[in-house]
Amino acid sequence: MKYHLLLTGPPRVGKTTIIEKAIKELKNKYKLDGFITKEIREKGERKGFEIIKIDGEKKAFSHIDFKSRYRIGKYGVNLKNLEEIIEKIDFKNCDILIVDEIGKMELLSKKFFIWIKEVLKNEKPRILGVVGEKVLENLKKEIDFSKCEIIKVMYENRNNLLKEILNFFP
């Protein structure tokens with residue numbers, strides 16, 4: 001049986017948007033915890049990313065102006081902010097853990113890697129998350145995804161995926 005549902009697909013195809021829609025539906029039925037990652041936009045331009053915990057707490061995660069020894073492309077990455085958020089997630093007392101996303105930036109953190117490896121091997125809580133396409137292929141050597149249903153989000157199927165997600169978590 002598959003306990004977790006992970007969305008993958010190319011950048012900007014709508015994975016986070018689908019997760020946000022699912023959260024609105026699932027929060028009425030289940031206890032949720034976790035986080036989503038959203039773009040920080042200034043004057044219409046993407047400048048970085050912030051992590052938003054399900055309860056609304058926000059922390060800047062990466063930004064073009066961050067001075068950091070951790071960098072992905074043009075973004076400096078603040079691992080401390082990510083780690084503070086995941087430390088506050090009460091995954092043992094929630095039904096569904098939202099993890100948006102398991103990506104290159106997040107995996108710069110050893111704490112995050114250990115955390116996600118641990119939660120993915122359990123059956124509870126169930127996970128609704130996003131994993132980068134290239135990241136997924138690399139992680140298959142180190143993480144067991146056998147308890148995960150993985151759906152590739154494409155422009156052609158993204159409008160129908162909310163129903164599929166809600167059926168996965170009946």
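**Charges, cores and cut-offs**

Modeller: Start with a network of salt bridges that links R12, E39, R41 and R46. Keep in mind that this is a predicted model.

Biologist: How many salt bridges does the structure hold?

Modeller: There are 14 salt bridges in the structure.

Biologist: What makes D55 and K53 a salt bridge?

Modeller: Their side chains meet at 3.5 Å, N to O. The cut-off is 4 Å between a Lys or Arg nitrogen and a carboxyl oxygen of Asp or Glu, so the pair qualifies.

Biologist: Is D55 buried or exposed, and how do you know?

Modeller: D55 has a relative accessible area of 56%. Exposed means over 50%, so D55 is exposed.

Biologist: And K53, buried or exposed?

Modeller: K53 is at 7%. Buried means under 20%, so K53 is buried.

Biologist: Why are K152 and E133 called a salt bridge?

Modeller: The closest N and O atoms are 2.9 Å apart. That is within 4 Å, so the pair counts.

Biologist: What does the pair of K152 and E133 tie together?

Modeller: K152 belongs to strand β9 (residues 148-152) and E133 to helix α4, so the bridge ties together parts 19 residues apart in sequence.

Biologist: Which accessibility class does K152 fall in, and which does E133?

Modeller: K152 has a relative accessible area of 41%, and E133 has 29%.

Biologist: Which residues form the positive surface patch?

Modeller: K21, K24, K27 and R158 form it. Lys and Arg count as positive, so the patch is called positive.

Biologist: Where is K27, and why is it called exposed?

Modeller: K27 sits in the loop between α1 (15-26) and β2 (32-42). Its relative accessibility is 52%, and exposed means over 50%, so K27 counts as exposed.

Biologist: What about M1, buried or exposed?

Modeller: M1 lies in the segment before β1 (4-8). Its relative accessible area is 73%, over the 50% cut-off, so M1 is exposed. From M1 to K15 is 14 residues in sequence and 23 Å in space, C-alpha to C-alpha.

Biologist: Why is I52 called buried?

Modeller: I52 is in strand β3. Its relative accessible area is 14%, and buried means under 20%, so I52 is buried.

Biologist: What makes a group of residues a nonpolar core?

Modeller: Such residues must be buried and joined through side-chain atoms within 4.5 Å. The largest core here has 32 residues. F35, L97, V99, F112, W115 and I116 have the most contacts inside it.

Biologist: Which elements give two or more residues to this core?

Modeller: They are β3 (45-53), β6 (75-77), α2 (79-88), β7 (96-102), α3 (110-121), β8 (126-131) and α4 (133-139). The largest share, six residues, comes from α3.

Biologist: Which residues are among those in the other core?

Modeller: L32, I96, V153 and F169 are among its 21 residues, and this core lies apart from the largest one.

How values were computed. Residues numbered from 1 in each chain as written. Predicted model: local features only at pLDDT ≥ 70, side-chain atom pairs only at ≥ 80, totals over all residues. Heavy atoms only, no water. Patch = residues over 30% accessible without salt bridge, like charges linked within 9 Å, V, L, I, M, F, W, Y side chains within 5 Å. Areas by Shrake-Rupley, 256 points an atom, 1.4 Å probe, with all protein chains shown as cover. Charge placed at Lys NZ, Arg CZ, Asp CG, Glu CD. Helix = DSSP H or I, 4+ residues; strand = E, 2+ residues; numbered from the N terminus. Buried < 20%, exposed > 50% of the residue type's maximum accessible area, 1.4 Å probe, protein only.
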